[in-house]
Amino acid sequence: ADLADMGLPKLVATMREASMQWNIQHDPFWWGALRRLDELRADIRLREAVRLLTIFARLRIVDMDLVDHCEEIVVAAEGETLIDLHESELAAAVEALARMQRPRGTTQVLRPLIGRAHR
């Protein structure tokens, strides 16, 4: 499918598969994906933001405005909404945010993980 025609869920799934399973480093693919993602920026919610941060941490090419945008979504999230995410997604997000040296986002995502560990 053409990246330009993808909605946000399909685009995020394709980017996730490309970065984690295929390990694609084909720059034109990533520029197209990031361009389309920028067009869909207003539709990004917490779950997508967490998944995208995990993807961004694996890439050579990133749009720092999109990284900032996704981190802000995570930082603005209430603790209750973060708790709704799977533990594996939270752990991957902490790793990604730490790798990208994003302390605000890292701290926000660590809170529910620490809370789960204390239960």
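Angles under 35 degrees count as roughly parallel, over 145 as roughly antiparallel, 65 to 115 as roughly perpendicular, and the rest as oblique. This is a predicted model, in which local features need pLDDT of at least 70 and side-chain atom pairs count only at pLDDT 80 or more, while totals for chains, interfaces and linings use all residues. Residues are numbered from 1 along each chain as its sequence is written, and side-chain values use heavy atoms, with hydrogens and water left out.

**View 1. Helices α3 and α4 cross.** Their axes, lines fitted to C-alpha atoms over the stretch in contact, come within 9 Å and cross at roughly 135°. The angle runs between N-to-C directions, on a scale from 0 to 180 degrees. α3 and α4 are therefore oblique to each other. L46, A49, V50, L52, L53 and F56 of α3 meet L66, V67, C70, E71, I73 and V74 of α4. Contact means heavy atoms within 4.5 Å.

**View 2. The largest nonpolar core.** It has 37 residues. Such a core is a set of buried Ala, Val, Leu, Ile, Met, Phe, Trp, Tyr and Cys residues joined through side-chain atoms within 4.5 Å. Buried means under 20% relative accessible area (1.4 Å probe, protein chains only). M15, L37, L52 and F56 have the most contacts inside this core. α3 gives the largest share, seven residues.

**View 3. Around M15.** M15 touches W30, A33, L34, L37, L52, I55 and F56, not counting residues up to four places away in sequence.

**View 4. Helix α2.** Its buried residues are F29, W30, G32, A33, L34, R36 and L37. They pack against α1, α3 and α4. Helices are DSSP runs (H or I, at least four residues), numbered from the N terminus.

Note on methods
Buried means under 20% relative accessible area, exposed over 50%, partly exposed in between (1.4 Å probe, protein chains only). Helices (H or I, at least four residues) and strands (E, at least two) are DSSP runs, numbered from the N terminus.
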